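Here are my notes for you on this one. Keep the viewer open while you read, and find each residue as it comes up.

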Amino acid sequence: MAEMPGIARPERQALPQLRDRMTFLYLEHCTLGRDNGAITVTDEKGIVQVPAAGISVLLLGPGTRVTHRAMELMGDTGVAAVWVGEHGVRFYAHGRALSEHSRLLERQAERFSNQREHLEVVRKMYQLRFPDEDVSRLTTQQLRGREGSRVRTAYRKAAKVTGVKWNGRVYDPNDFSAGDLVNQALSAGTACLYGLAFAVITALGCAPGLGFVHVKHEGSFVYDIADLYKAEVVIPLAFEVAAQAPQDLPSVMRRRVRDAMVEHHILERMVHDVRWLLLNEEEQAAEPEAVYLWDSKIGTVANGVNYFDAEEGEEPSLS
């Protein structure tokens with residue numbers, strides 16, 4: 001169970017906006033219950049109370065059990081539950097999107113389907129890889145070429161530092177053991193990164209299949225986001241682990257990647273980067289109401305209003 005100080009029971013108050021509660025809490029080997037407005041986390045060390053209003057996502061690792069009362073509170077307060085492997089290196093399932101509105105999903109769909117905005121997101125993704133360069137005028141073909149060169153350089157550098165022979169990325173998805181040690185380590189590490197990216201994307205309410213660099217696959221957006229950190233985290237560790245040639249290489253690689261993702265705050269960075277890629281500055285700062293009514297002329301109008309009583313030029317009454 002995550003180490004947390006005891007937290008007093010909160011008084012009833014309005015829930016904070018999403019930007020004020022961007023908190024991910026990872027738990028394992030414990031039972032989740034409910035005590036009024038707090039989620040109780042119980043293990044052999046005792047009970048800790050976590051105010052539901054201050055949590056965005058609970059990452060439920062191995063050995064966690066959740067009571068119906070706990071899920072009821074999480075549903076009422078908009079806390080997402082994501083079932084993951086140890087330290088989030090595997091994604092299994094999720095319950096409820098992170099926010100009550102679909103703004104990120106709508107913006108993702110809009111940018112995906114508009115060629116100009118689609119290219120803008122692709123350029124922003126490469127801007128994260130090349131922060132000191134101007135990529136605003138590069139085509140997708142040029143950007144792919146730059147990225148390929150960057151990744152090849154990362155492979156060569158890691159091979160030179162560790163002394164591991166590198167013959168290229170060669171692997172069989174249906175036969176893990178067919179690859180050499182470094183390719184096995186790369187496959188194991190990449191799977192961990194994909195798991196965390198999947199958890200973040202689904203928790204934020206986005207569509208894993210609507211990618212921008214990768215397309216036409218159910219996990220395209222997962223690959224897009226994971227690739228932002230692969231050269232930083234997975235590649236150097238894969239060569240280090242391959243050089244050590246441990247007996248249980250996949251398990252060692254998963255643990256090393258897990259620790260590196262925590263050390264480099266990859267989860268927090270993923271949350272920030274997904275929002276930055278899909279939203280403009282004004283949208284990132286604003287949190288809209290959860291539900292609107294669609295209007296064919298002006299876009300959206302307020303929910304919970306009785307428009308039948310409104311005469312032309314008069315204010316509508318509240319329902």
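1. The chain folds into nine helices and twelve strands. Keep in mind that this is a predicted model. Of the 319 residues in the chain, 44% are buried. Looking at contacts with a separation of 6 or more, 60% are between residues 24 or more positions apart.

2. Now for the inside. Nonpolar side chains in soluble globular proteins tend to be buried together. Here the largest nonpolar core has 65 residues, and Phe221, Ile225, Met253 and Met270 have the most contacts inside it. Several elements give two or more residues to this core: strands β5 (57-60) and β7 (80-84), plus helices α3 (115-129), α4 (140-162), α5, α6, α7 (249-263) and α8. Which helix gives the most? That's α6, with 15 residues.

3. Zoom in on Met253 next. Setting aside its neighbours within four places in sequence, Met253 touches Ala185, Ala188, Gly189, Val234, Leu237, Ala238 and Val241. There is also a second, separate core, made of 17 residues, with Leu25, Cys30, Val50 and Ala81 among them.

4. Have a look at how two helices pack. For α5 (residues 181-203) and α6 (residues 220-244), the angle is about 145 degrees and the axes are 8 Å apart. Their crossing is right-handed. Sorted by class, the contact of α5 with α6 has 20 nonpolar residues, two polar and two charged.

5. The buried residues of α4 are Leu143, Glu147, Ala154, Tyr155, Ala158 and Ala159. Among the elements covering them are α3, α5 and α6. Just after α4 comes Gly163, with a positive phi of about 80 degrees.

6. Helix α8 (residues 266-278) passes the length check as well: its 13 residues reach 18 Å from first C-alpha to last, close to the 18 Å expected. Its buried residues are Ile266, Leu267, Met270, Val271, Asp273, Val274, Arg275, Leu277 and Leu278. An α-helix has 3.6 residues a turn, so residues three or four places apart point the same way.

7. Over to Thr64, in strand β6 (residues 64-66). Buried or exposed? Thr64 has a relative accessible area of 17%, and the cut-off for buried is under 20%, so Thr64 counts as buried. Apart from neighbours within four places in sequence, Thr64 is in contact with Leu27, Glu28, His29 and Cys30. Thr64 and Trp83 are 19 residues apart in sequence, with their C-alpha atoms 9.1 Å apart in space.

8. Last, two loop residues to check. Asn36 isn't a glycine, yet its phi is positive, at about 55 degrees. Asn36 sits in the loop between β2 (30-35) and β3 (38-43), and is partly exposed, with a relative accessible area of 47%. Lys216, in the loop between α5 and α6, is another residue other than glycine with a positive phi, near 60 degrees. Lys216 is exposed, with a relative accessible area of 83%.

Definitions and conventions:
Residues are numbered from 1 along each chain as its sequence is written. This is a predicted model: local features need pLDDT of at least 70, side-chain atom pairs count only at pLDDT 80 or more; totals for chains, interfaces and linings use all residues. Side-chain values use heavy atoms; hydrogens and water are left out. Axes are lines fitted to C-alpha atoms, for helices over the stretch in contact, and angles run from 0 to 180 degrees between N-to-C directions. Helices (H or I, at least four residues) and strands (E, at least two) are DSSP runs, numbered from the N terminus. A crossing is left-handed if the near helix is turned anticlockwise from the far one by less than a right angle, and right-handed if clockwise. Ala, Val, Leu, Ile, Met, Phe, Trp, Tyr, Cys and Pro count as nonpolar, Asp, Glu, Lys and Arg as charged, and the others, Gly among them, as polar. The expected span of a helix is 1.5 Å times one less than its number of residues. Buried means under 20% relative accessible area, exposed over 50%, partly exposed in between (1.4 Å probe, protein chains only). A nonpolar core is a set of buried Ala, Val, Leu, Ile, Met, Phe, Trp, Tyr and Cys residues joined through side-chain atoms within 4.5 Å. Contact means heavy atoms within 4.5 Å.
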